[in-house]
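Work through the exercises below with the model open. Each task is followed by a stepwise solution.

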Amino acid sequence: MPLQNPKEVAGRRAAEFVTDGMTVGLGTGSTVYFTLVQLAERIQSESLAIRGVPTSVDTERKARELEIPLVELADIGSIDLTIDGADEIDPDFNLMKGGGGALLREKVVAYISEREVIVVGRAKLVERLGTTFLLPVEVVPFARPVVARELTRLGATPNLRVTDPGAPYMTDNGNEILDCRFEGGIEDPAALEIALGRIPGVVETGLFVGLAHVVVIGNDDGSCEVRARP
Ligand code: 5RP
């Protein structure tokens, strides 16, 4: 059997969770891109009526190109369902996100979502967060030196995310990102999330604890596994 793209398998499958009339959070990344494509196809073929809430400027642009109707956060109270990607997921459904830099908007959208569906290829499953990916911490530029010192005190090795010409990477919100290595991974994601939130200048972290309800895992043989949080 020819190999398939696990991201496409998971991304397209998750679009089946969307039903008529829903307000849908649209995550960010290359896996969710396939969800957007599938939703656009369903809008055409089934006259599916939905309103999307994009989690990044990039997703907003892609959704507009695909003619997915969008709605402003200010015009809704909650979101029925969000479909988003992740960089790592552990057995307790804790996530590491923010590889694409959209962690803040992704977390705001997840927070007001009744259901959060995560789409990943199987390679994203880990036993412990922080073992294959650095933890992104979004910081206010002014506070970066203070935050970096505090992160080091908490056992991290922070590195400023930079763009190709070497300038600081800027998020959609005008902030910077410190990508943090934790030797041996992150022992207690919930405790770390609280500790990081206490540092002035930290806007948000890529730790998503207790926010994911369903994980759709794509395999390269074209099959797909759907796991619901117990
Ligand atoms: C962006 C994210 C993405 O969802 C995450 O990086 C996964 O991306 P991809 O599906 O391209 O692997 O958190 O901030």
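A polar contact is a pair of N or O atoms within 3.5 Å; within protein, one must be able to donate a hydrogen and the other to accept it. The model is predicted.

**Exercise 1.** State which residues make up domain 1 and domain 2, and how far apart their centres lie.

*Solution.* Start with the assignment. Domain 1 covers 6-126 + 209-223, and domain 2 covers 135-204. Next, take the centres over C-alpha atoms: they are 24 Å apart. Then list the contact: 15 residues come from domain 1 and 15 residues from domain 2.

**Exercise 2.** Describe the area buried between domain 1 and domain 2, and count the polar links.

*Solution.* The buried area is about 1,200 Å². Carbon and sulfur atoms give 57% of that area. Now the polar part. Eight residue pairs are in polar contact between the domains, both residues at pLDDT 80 or more. Helix α4 (residues 103-111) gives the most to the side of domain 1 that touches domain 2, with four residues. That side holds five nonpolar, six polar and four charged residues. Two salt bridges run between the domains. Lys107 and Glu204 form a salt bridge, with the closest N and O atoms 2.8 Å apart.

**Exercise 3.** Is Thr205 buried or exposed?

*Solution.* Locate Thr205 in strand β10 (residues 202-205). Buried means under 20% relative accessible area. Thr205 has 2%, so Thr205 is buried. Check its surroundings. Beyond four places in sequence, Thr205 contacts Leu103, Lys107, Pro136, Val137, Glu193 and Leu196. Finally, a polar atom of the Thr205 side chain lies 3.1 Å from the backbone nitrogen of Leu207.

Methods:
Residues are numbered from 1 along each chain as its sequence is written. This is a predicted model: local features need pLDDT of at least 70, side-chain atom pairs count only at pLDDT 80 or more; totals for chains, interfaces and linings use all residues. Side-chain values use heavy atoms; hydrogens and water are left out. Domain bounds come from an automatic or database domain assignment. Contact means heavy atoms within 4.5 Å. Buried area is the accessible area (1.4 Å probe) that two parts lose on being put together, summed over both. A salt bridge is a side-chain nitrogen of Lys or Arg within 4 Å of a carboxyl oxygen of Asp or Glu. Helices (H or I, at least four residues) and strands (E, at least two) are DSSP runs, numbered from the N terminus. Ala, Val, Leu, Ile, Met, Phe, Trp, Tyr, Cys and Pro count as nonpolar, Asp, Glu, Lys and Arg as charged, and the others, Gly among them, as polar. Buried means under 20% relative accessible area, exposed over 50%, partly exposed in between (1.4 Å probe, protein chains only).
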